[in-house]
Amino acid sequence: MRTLLYLLLVLPLLGVAQENDNYLLNMSEITVKPGQNSQFIEGVMSWKKCYKDNEGEFKWSMWKRVQGKGTVYTMTSRMANWAEMDESNDEAGKKCRMKVVDLIIPHVESVEYNIARRMPDVSKSNSNLSNDTKLVWVYNVKVDNYDSFMETVKEVESTIKKAEGDTRGTWYSVIGGGPHVSDYFVTVPFKNFAALDEDRDGVWKVYEKEKGKSKADAIKEKFRSAVSKDWSYMYSLMDDLSY
């Protein structure tokens, strides 16, 4: 319980680094107790109001997972460097701690905290999501062969960039974590769910058009052999719960 309390309290203390291309991303995956989603939302909104009323300066985003088991949110924020973990000067956060204790924690089943670093060499040129982004698709991988995996990612993303002017997503390298945590993941933004209906070639198809079918088949096989496990989810931005 102390760990849960620490995570929910400290995450909004971490500032958003707008100009750092290889920033650290904090991620708290929050699983809500069955049947208590409304109470959880009310608690977060009360906490947010308290933080805003006390002129808190730090920012976070709250995303709700679309698929999968249970009701799951991911709370994210950025750090420019590890030194920000030492900062504890957020008076607004301190004043609103009891909102977390009384109104949020009772409705939370579990929290898992992870940190990842943005990989600018294989990511979209702009490190910030556009203001109209309301949905992200997140593809996770665990890898057996780092060198082969990175060679594949660099080759595919450079081809996409050449064909379309930029890559489609942002890659992150996960730092530590349990055995079930991904090694890498990529996030692809969308304006809304309707954007998923747009007729657009997948990255493998784009690569095939640029390099030919034989090279596309070869690099797909190289990618599959380097990856031991993969999975994906969509996440919808919860504006009312973000700050």
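Let me begin with what I mean by a patch: patches are made of residues with over 30% relative accessible area and no salt bridge, where like charges are joined within 9 Å and nonpolar side chains, namely Val, Leu, Ile, Met, Phe, Trp and Tyr, are joined within 5 Å. The accessible areas behind this come from the Shrake-Rupley method with a 1.4 Å probe, and for residues only the protein chains shown count as cover. What you see above is a predicted model, in which local features need pLDDT of at least 70 and side-chain atom pairs count only at pLDDT 80 or more, while totals for chains, interfaces and linings use all residues. Residues are numbered from 1 along each chain as its sequence is written, and side-chain values use heavy atoms, with hydrogens and water left out.

With that said, Val-66, Phe-193 and Leu-196 make a nonpolar surface patch of about 240 Å². Phe-193 sits in the loop between β7 (184-190) and α6 (203-211), where helices (H or I, at least four residues) and strands (E, at least two) are DSSP runs numbered from the N terminus. The relative accessible area of Phe-193 is 43%, so this residue is partly exposed; in these terms buried means under 20%, exposed means over 50%, and partly exposed is in between, with a 1.4 Å probe and protein chains only.

How far apart are N and O in the salt bridge between the side chains of Lys-191 and Asp-132? The distance for Lys-191 and Asp-132 is 3.7 Å, and a salt bridge here is a side-chain nitrogen of Lys or Arg within 4 Å of a carboxyl oxygen of Asp or Glu. This pair links distant parts of the chain, with Lys-191 in the loop between β7 and α6 and Asp-132 in the loop between β4 (108-118) and β5 (135-143), 59 residues apart. Lys-191 is exposed at 52% relative accessible area, whereas Asp-132, at 33%, counts as partly exposed.

In general, side chains of opposite charge can pair when their charged atoms come close. Over the whole structure, the search finds 13 salt bridges. One of them joins the side chains of Lys-49 and Asp-53 at 2.7 Å, N to O, and both residues lie in helix α2, four residues apart, which is about one turn of the helix. Lys-49 is exposed, with a relative accessible area of 53%. Lys-220 forms a salt bridge with Asp-217, and here the closest N and O atoms are 4.0 Å apart; because the two are three residues apart in helix α7 (residues 213-226), about one helical turn separates them.

Is Lys-48 buried or exposed? Lys-48 counts as buried, because its relative accessibility is 17%. From C-alpha to C-alpha, Lys-48 is 7.1 Å from Leu-241 in space, although 193 residues separate them in sequence. Cys-50 and Arg-97 are 47 residues apart in sequence and 9.5 Å apart in space, C-alpha to C-alpha, with Arg-97 placed in helix α4 (residues 97-104).

Then there is Glu-55, in the loop between α2 and β2 (61-65). Most residues other than glycine have a negative phi, yet the phi of Glu-55 is near 60°, a positive value. Glu-55 is exposed, at 67% relative accessibility.

My last topic is the second largest pocket, which has a volume of about 160 Å³. On a 1 Å grid over the protein atoms alone, a pocket is an open set of points with protein on both sides within 12 Å along at least five of seven lines, a 1.4 Å probe is used, and lining residues have an atom within 4 Å of a point. The points are joined across faces, edges and corners, and the volume is the space filled by probe spheres set on them. Which residues line the second largest pocket? They are Thr-31, Val-32, Pro-34, Arg-65, Lys-69, Gly-70, Thr-71, Val-72 and Glu-109, and the elements giving two or more residues to this lining are β1 (24-32) and β3 (71-79). By class, the lining has three nonpolar, three polar and three charged residues, where Ala, Val, Leu, Ile, Met, Phe, Trp, Tyr, Cys and Pro count as nonpolar, Asp, Glu, Lys and Arg as charged, and the others, Gly among them, as polar.

Strand β3 also holds Thr-76, which is buried at 14% relative accessibility.
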